[in-house]
Amino acid sequence: MFKKILLAALLCAPLSALAQKFGSYVHSDIMIAVPETKKAQEELNVLGQKYQTEITTMQKEYQAKLEAYQKEVNEQTPANIRERKEQEIMDLQQRIQQAQQDNSAAFQKAQNEKIDPIVQKVVKAVNDVATEGGYVFIIDEASASTAGMFLNAKFVEDVTNKVLAKLGITPAQAAAAKAEAQKAAQAAATAAQKK
């Protein structure tokens, strides 16, 4: 009797393994489609510009002091005046470096505060789709290809639209958000090239 039960269990095990499903999704497209992402990105852009303007102003001040020093200081300049001007320049250089470090840390903190809730929202939607759909795992397509993983389309299901639905986003809204993000990236690249 025990052998028959064991044999039945062994025969059923492969069938239950085949019943498991695998899925894939494109994380970056989903993140771009979440409405809060655009707002967060705009706020981060404003903050980044503020920090960049601050550093640029300090660098101009540094350059002006350095040029003034080079014009005004010569062999006849008393040592105490030369040392004081050199110290001012070194102090300003240190302030610039400290401001860059502080701004970088503050920007990273702001980025985490604005983006982490969005990431958590997406992760929850993916987990909900995985649980409800009985998926063993869901893989980010972009990360999979970067990691050298091959996803055979015959054996995986693209669950992007299911995740978008969980987030209350239609595929059309996602496509529009992606197109808008690409347009903004192109505009930023063009502006950067003009500088």
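Starting at the N terminus, the protein chain runs α-β-α-α-α-β-α-β-α-α. That makes seven helices and three strands, where helices (H or I, at least four residues) and strands (E, at least two) are DSSP runs, numbered from the N terminus. This is a predicted model, in which local features need pLDDT of at least 70 and side-chain atom pairs count only at pLDDT 80 or more, while totals for chains, interfaces and linings use all residues. Residues are numbered from 1 along each chain as its sequence is written, and side-chain values use heavy atoms, with hydrogens and water left out.

**Stop 1: the whole chain.** Show the surface to begin with. The protein chain exposes about 13,800 Å², 58% of it from carbon and sulfur atoms; the areas come from the Shrake-Rupley method with a 1.4 Å probe, and for residues only the protein chains shown count as cover. Of the 195 residues, 24% are buried, meaning under 20% relative accessible area, with exposed being over 50% and partly exposed in between (1.4 Å probe, protein chains only). Among contacts (heavy atoms within 4.5 Å) with a separation of 6 or more, 82% join residues 24 or more positions apart.

**Stop 2: α3 against α4.** Now select residues 35-72 for α3 and 79-133 for α4. Their axes come within 10 Å and cross at roughly 175 degrees. The axes are lines fitted to C-alpha atoms, for helices over the stretch in contact, and angles run from 0 to 180 degrees between N-to-C directions. The two helices, α3 and α4, are therefore roughly antiparallel, a term for angles over 145 degrees; under 35 counts as roughly parallel, 65 to 115 as roughly perpendicular and the rest as oblique. Sorted by class, the contact of α3 with α4 has 18 nonpolar, seven polar and 13 charged residues. Here Ala, Val, Leu, Ile, Met, Phe, Trp, Tyr, Cys and Pro count as nonpolar, Asp, Glu, Lys and Arg as charged, and the others, Gly among them, as polar.

**Stop 3: two residues of α4.** Click on N103, which lies in α4. N103 is buried, at a relative accessible area of 9%, and beyond its neighbours within four places in sequence it is in contact with Y51, E54 and I55. Next, pick L92, also in α4. Its relative accessible area is 1%, so L92 is buried. Leaving out residues up to four places away, L92 touches M58, E61, Y62 and K65.

**Stop 4: the nonpolar cores.** A nonpolar core is a set of buried Ala, Val, Leu, Ile, Met, Phe, Trp, Tyr and Cys residues joined through side-chain atoms within 4.5 Å. In the largest, of 24 residues, V122, I138, V163, L167 and I169 touch the most other members. At least two residues each come from α2 (27-33), α3, α4, β2 (135-140) and α6 (160-166); α4 gives the largest share, eight residues. Apart from this core lies another, of nine residues, including Y62, Y69, L92 and A99.

**Last stop: T170.** Select T170 in the loop between α6 and α7 (171-194). T170 is partly exposed, with a relative accessible area of 38%. Its C-alpha atom is separated by 9.1 Å from that of A33, 137 residues away along the chain.
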